[in-house]
Amino acid sequence: MTPLMRQSVVCAIVVAGLGFAVLGGLVVGEARETGHTMASRFKRPDAERAARAACASRAPFVVLDTFAHFRPVNIDDAPARRGVQHGDVVAAIVEANHPGTLVYQTDPIFNVSTLAADFGRLASDIEAGRVAKPAAIVSSIVLPVDLAHVNAARAGAKPLRSSDVAAHRADVLDALTDGKNPENPYTEIDRQIGRLSAAGVPVFVAAGNSGPDETVNALALSDGVYAVGALDRDGTEAAYTSAAGFVSVWSPGFVVLTEAPGGLSVSGGRKVELKGADIPEQRAVIARFSGKRAADVVLRTPAELGYLGDVAPSRQRNRHLAKMLRPGVYRTEHLMAAYGYASGSGTFARAVADGPYMHFPSDTIFRATADGVLDFDPIGDRSEGQLEVADATSFAAPNICATALFQPRLAYAGGRN
């Protein structure tokens, strides 16, 4: 499951001195030039220097992910451009705030070893000039490590919590790599990332969305890599950000994919980043269920799903769900439990807070009016053309150059204001 979600409570806030104002989630006025005024907030001076230099550079950003719309520089075949994958949205967010974007396809069979190989290939391509030296690399990839396992490897040492990782990053990396054991796959990832650091290319990665917990993104343990947490729509640090004490940069994590002439926009229609793209499944779901009474259409999850237990979502589990669940609207908490998210996890709480009803398999979340009618209005302003809401550290990492917390909505001729 890769849900492009979730929205936060709409707040009225005026940001003074930054060239724009946010009123009820809408941006008024013009933002200043990218790289001079930034919405990101920094916890480490080296992270701020790296981000500001990258955003001011005219060199492209490289997005490390998987794609269906953008054409990866390391693959000869042109994409089908029918659908939109997670990496496409990440790349589109970069395009909204930076003059250049290159996308680099990762191995779809994801594990520690394949990810190490991905970083190694990218480093080799940059060193050989096959890929122009980028201003930065951004990725939504999270390589989660439970600190309980790290502490077990540090037998006799004082147990570390997520708030301690920033100050003990080298110790955590040493424990994770078994003292830089060359046979350890985490050692190989650190080695390959070191090649990028030596080339002067910073890497910004999503911190993760499972907080509050004791999980860290192992990628950010390496030198030159910065964990990015998400700012909510009201500008506060999103509670779902994993290992908040280890975050180097806080950036806006909220985006709405909006239909626009010629494709989809992540910048409120200022320009179309996903040219020729569409999300027909979401469009059909919104048209079908908006305005229906929730009680008349909501489905029950099969009781048999309770036997699956609280395990992490996996391809095997999702294949099982595809056989057992009918497409339709379910209670959000029931569907999230079916996906395997524990009720105490940040991802579970975030989805439930966004709306009580959720569609399978599109993951579209609906609010409900006082009369129990389903309503898809993530911005809360009744503007038209909204197709997908996204709120995650995955979308904060590529948003480090953003000049505003929220982008202005798309205006439709004759549309609602």
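1. Asp375 is located in strand β18. Helices (H or I, at least four residues) and strands (E, at least two) are DSSP runs, numbered from the N terminus. The model is a predicted one: local features need pLDDT of at least 70, side-chain atom pairs count only at pLDDT 80 or more, and totals for chains, interfaces and linings use all residues. Residues are numbered from 1 along each chain as its sequence is written, and side-chain values use heavy atoms, with hydrogens and water left out.

2. With Arg382, Asp375 forms a salt bridge whose closest N and O atoms are 2.8 Å apart. A salt bridge here is a side-chain nitrogen of Lys or Arg within 4 Å of a carboxyl oxygen of Asp or Glu. The side chains of Asp375 and Arg382 also make a polar contact at 2.8 Å. A polar contact is a pair of N or O atoms within 3.5 Å; within protein, one must be able to donate a hydrogen and the other to accept it, and residues adjacent in sequence count only if both atoms are side-chain atoms. Arg382 is partly exposed, at 35% relative accessibility. The classes are buried for under 20% relative accessible area, exposed for over 50%, and partly exposed in between (1.4 Å probe, protein chains only).

3. Arg367 has Asp375 in β18 as its bridge partner. Strand β17 (residues 365-368) and β18 run antiparallel and are joined by 2 bridges. Two strands pair if DSSP finds at least two bridges between them.

4. The open sheet that holds β18 has 4 strands in the order β15-β16-β17-β18, with antiparallel pairing. Its edge strands, β15 (328-331) and β18 (374-375), each pair on one side only. Helix α7 (residues 280-289) packs on this sheet and touches β15, β16 (357-360), β17 and β18. The direction of α7 makes about 20° with that of β17; axes are lines fitted to C-alpha atoms, for helices over the stretch in contact, and angles run from 0 to 180 degrees between N-to-C directions.

5. The structure holds 15 salt bridges. One of them joins Arg169 to Asp223, with the closest N and O atoms 3.3 Å apart. Arg169 belongs to helix α5 (residues 169-176) and Asp223 to the loop between β9 (215-217) and β10 (225-231), so this pair ties together parts that are 54 residues apart in sequence. Arg169 is buried, with a relative accessible area of 16%, whereas Asp223 is exposed at 53% relative accessibility.

6. A salt-bridge network links Glu259, Asp278 and Arg283. Within it, the side chains of Asp278 and Arg283 meet at 2.7 Å, N to O. Asp278 is partly exposed at 28% relative accessibility, and Arg283 is partly exposed with a relative accessible area of 32%.

7. Strand β10 is largely enclosed by the rest of the structure, because 7 of its 7 residues are buried. β10 pairs in the parallel sense with strand β8 (residues 203-206) over 4 bridges, and Phe204 has Tyr226 in β10 as its bridge partner. Strand β11 (residues 249-252) also pairs with β10 in the parallel sense, over 4 bridges; there Leu231 stands opposite Pro252.

Conventions:
Contact means heavy atoms within 4.5 Å.
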